[in-house]
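Work through the exercises below with the coordinates open.

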Amino acid sequence: MSIHPHERLIGAIARLILDPLAPPARHIAVGAASPIPAAASWLVRKLGHDVRLSLLHRPTGNPFTEGTRELFDLAGQGRIDLFFLGGGQIDGQANLNLIGTGEWPGRAARFPGSFGSAFMYFMTPRTILFREEHSPRVLVPRVDIVSAPGLSAPGVFRRGTAQALVTGKCIFSFNATAGRFRLASRHPGETQDSIRAATGFAYDGADAPVTADPTEEELALLRGPVCDEMLATYPQFCRQVWHRSDEKAA
Amino acid sequence: MTPTPLDALAALVPDGALLAMPPDNSLAPAAFARALVRRRARGLRLVGVPVAGYATDLLIGAGCVASLQTSAVTLGEAGTAPRFAAAVAAGSIELIDATCPAIHTMLQAAEKGVPFMPLRGVIGSDILAHRADWKVIDNPFADGGDPILLLPALAPDIAAFHAVCADAHGNIYVGRRRELATIAHASRRVLVTVERMVEGNLLEDERLAPGVINGVYVEAVALAARGAWPIGLLDEYAMDAAHIAEYARLARTAEGFSTYLAQYVTAPLASAAE
């Protein structure tokens with residue numbers, strides 16, 4: 001079985017979670033409709049690392065008894081170390097736009113809305129940004145609307161910001177001091193030119209090594225125990241990537 | 001408390017009411033929303049706590065909504081909420097964007113009876129730039145240079161949700177969805193649909209009591225079997241993903257949405273079944 005592109009993204013995000021230079025990730029929370037970040041978090045756990053996972057949309061065994069209110073209170077206290085965010089638009093300063101394009105509140109194209117991004121981005125020591133679509137309409141020089149800023153003025157309480165941006169073409173690391181992304185690795189099949197052409201914002205690092213494939217051990221974990229954990233929440237994803245369906249539900 | 005018929009429960013909501021509802025993963029009152037469409041509610045000011053889904057999109061499409069305060073509107077895996085998107089494009093509803101913990105915090109202020117409550121984050125977001133009612137102050141407990149957001153208390157006129165069961169005292173079992181208590185405590189009136197009525201007093205059962213909202217907050221209850229459908233309800237039944245997908249497809253156009261209403265909301269059969 002060849003490596004599915006999603007498996008490569010999952011493996012890459014797992015390595016970012018385990019990055020020894022980043023603040024420690026003892027408690028990871030994953031929001032709604034996030035199968036790839038959820039799988040990466042499960043992979044870290046199944047590799048034997050002692051991390052607590054709070055998967056918000058798990059239908060059974062949900063960790064909360066006060067819904068999202070509890071999630072945000074946990075984050076406000078600093079009890080969540082790592083969260084994942086995306087955006088309809090993401091710019092070179094790691095600003096996120098989940099609200100819409102054109103005039104406020106998204107008269108050209110309305111996205112669903114900010115969800116908790118304007119809070120979570122400030123409250124967790126690190127955020128991994130994930131957006132599979134890598135195109136000039138998503139990765140823009142400047143977002144039309146800032147739902148959550150990547151950087152804050154001095155004095156504004158903030159525990160962290162983006163660690164990295166993972167797309168379907170590459171991984172960018174984020175330098176909060178410079179306020180710029182740097183190309184960290186490009187996925188197989190991509191060139192420095194193909195990434196440059198698909199990216200609307202300026203970034204550092206003309207070229208970078210190819211994103212490493214998941215190891216045999218990681219692939220075995222993904223296709224077995226990680227998929228087992230994911231089946232109930234993400235049946236379509238498991239069917240698409242691992243050709244597995246929930247026998248109980250079938 | 002004797003259960004009220006569903007359509008009579010919807011009749012308790014006056015036009016123009018500030019109406020708070022939970023999202024699709026947390027006891028959303030879908031049958032109640034359909035009853036509001038049948039009663040031709042108008043000018044509702046909805047609050048999605050903290051986000052909105054099927055019920056809100058349905059009410060917007062049926063012309064029941066003047067404004068919506070929420071942090072997002074989504075049909076989950078079925079994607080964009082189409083009537084919401086059309087209304088934003090047409091500018092036909094007033095949209096008041098918030099961010100999830102801000103909605104919770106405004107309700108918590110109302111729950112405590114205090115005029116405002118602080119929240120971290122949000123500073124630098126364009127949401128704040130469009131909220132004249134949100135203020136940033138310098139933390140009075142620090143030595144200066146610590147800006148923090150203050151949010152006004154939000155007390156909805158009415159909270160509505162669909163729960164598992166109620167007893168004759170008006171106590172409502174919401175299970176692990178205890179965030180519903182905050183919505184109920186903060187709102188002036190609470191209208192609830194339930195799967196079934198139960199004997200006895202839920203608050204006298206030590207195992208159930210932590211998942212129960214005290215009937216002191218609850219004005220009226222209506223029976224609505226499968227009243228969350230097509231949304232799921234705790235461990236009672238799962239979301240009907242195929243139906244949500246059908247809704248999302250039909251609601252893409254005004255004509256398709258009318259077809260949906262005729263088939264599932266206003267048809268005499270649907271009305272009788274609810």
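Buried area is the accessible area, taken with a 1.4 Å probe, that two parts lose on being put together, summed over both. The model is predicted.

**Exercise 1. The interface**

Task: Describe the contact between chain B and chain A by its area, its residues and its polar pairs.

Solution. 
- Step 1. Start with area. Chain B and chain A bury about 3,100 Å² between them. Carbon and sulfur atoms carry 57% of it.
- Step 2. Count residues. Chain B gives 39 residues to the contact, and chain A gives 37.
- Step 3. Look for polar pairs. The count is 20 residue pairs in polar contact between the two chains, with both residues at pLDDT 80 or more.
- Step 4. Helix 4 (82–90), strand 4 (94–97), helix 5 (100–112), helix 6 (126–129) and helix 7 (179–186) of chain B each supply at least two residues of the side that touches chain A.
- Step 5. Sort that side by class. It has 17 nonpolar, 13 polar and nine charged residues.

**Exercise 2. Charged pairs across the interface**

Task: Find how many salt bridges cross the interface of chain B and chain A, and check the pair B:Arg178 and A:Glu66.

Solution. 
- Step 1. Apply the rule. Two salt bridges are found across the interface.
- Step 2. Take the pair. The side chains of B:Arg178 and A:Glu66 stand at 3.4 Å, N to O.
- Step 3. Compare with the cut-off. A salt bridge needs a side-chain nitrogen of Lys or Arg within 4 Å of a carboxyl oxygen of Asp or Glu, so the pair B:Arg178 and A:Glu66 counts.

**Exercise 3. The largest cavity**

Task: Which elements give two or more residues to the lining of the largest cavity?

Solution. 
- Step 1. Count the cavities. There are four of 30 Å³ or more.
- Step 2. Take the largest cavity. About 120 Å³ of space lies in it.
- Step 3. List the lining. The largest cavity has 17 lining residues; A:Gly67, A:Thr68, B:Asn25, B:Arg177 and B:Glu179 lie nearest its centre.
- Step 4. Assign elements. Helix 3 of chain A and helix 7 of chain B give two or more residues to this lining. The largest share, three residues, comes from helix 7 of chain B.
- Step 5. Sort by class. The lining of the largest cavity has eight nonpolar, seven polar and two charged residues.

**Exercise 4. The second largest cavity**

Task: Characterise the second largest cavity by volume and lining.

Solution. 
- Step 1. Read the volume. The second largest cavity holds about 80 Å³ of space.
- Step 2. Inspect the lining. Among the lining residues are A:Val30, A:Trp42, A:His57, A:Arg58, A:Glu229 and A:Tyr234.
- Step 3. Assign elements. Helix 2 and helix 6 (216–230) of chain A give two or more residues to the lining.
- Step 4. Sort by class. The lining of the second largest cavity has seven nonpolar, three polar and two charged residues.

**Exercise 5. The second largest pocket**

Task: Which element supplies the largest share of the lining of the second largest pocket?

Solution. 
- Step 1. Read the volume. The second largest pocket has about 260 Å³.
- Step 2. Find the centre. Of 15 lining residues, A:His27, A:Arg52, A:Leu53, A:Ser54 and A:Pro63 lie nearest the centre of this pocket.
- Step 3. Assign elements. Helix 2 (35–46), strand 2 (52–55) and helix 3 (67–77) of chain A each supply at least two residues. Strand 2 of chain A supplies the largest share, four residues.
- Step 4. Sort by class. The lining of the second largest pocket has seven nonpolar, three polar and five charged residues.

**Exercise 6. Backbone exceptions**

Task: Locate the cis bonds at A:Pro105 and B:Pro50, and the positive phi at A:Ala94.

Solution. 
- Step 1. Recall the background. Most residues other than glycine have a negative phi, and most peptide bonds are trans.
- Step 2. Check chain A. The bond joining A:Trp104 and A:Pro105 is cis, with omega about 0°. A:Pro105 sits in the loop between strand 6 (100–101) and strand 7 (109–110) of chain A.
- Step 3. Check chain B. The bond from B:Val49 to B:Pro50 is cis, with omega near -10°. B:Pro50 is in the loop between strand 2 (44–48) and helix 3 (54–61) of chain B.
- Step 4. Check phi. A:Ala94 is not a glycine, yet its phi is positive, about 65°. A:Ala94 lies in the loop between strand 4 (89–91) and strand 5 (96–97) of chain A.

Key. Residues are numbered from 1 along each chain as its sequence is written. Chains are lettered from A and ligands numbered from 1 in the order in which they are written. This is a predicted model: local features need pLDDT of at least 70, side-chain atom pairs count only at pLDDT 80 or more; totals for chains, interfaces and linings use all residues. Side-chain values use heavy atoms; hydrogens and water are left out. Contact means heavy atoms within 4.5 Å. A polar contact is a pair of N or O atoms within 3.5 Å; within protein, one must be able to donate a hydrogen and the other to accept it, and residues adjacent in sequence count only if both atoms are side-chain atoms. Ala, Val, Leu, Ile, Met, Phe, Trp, Tyr, Cys and Pro count as nonpolar, Asp, Glu, Lys and Arg as charged, and the others, Gly among them, as polar. On a 1 Å grid over the protein atoms alone, a cavity is a set of points where a 1.4 Å probe fits but cannot get out, and a pocket is an open set with protein on both sides within 12 Å along at least five of seven lines; lining residues have an atom within 4 Å of a point. Grid points are joined across faces, edges and corners, and a volume is the space filled by probe spheres set on the points.
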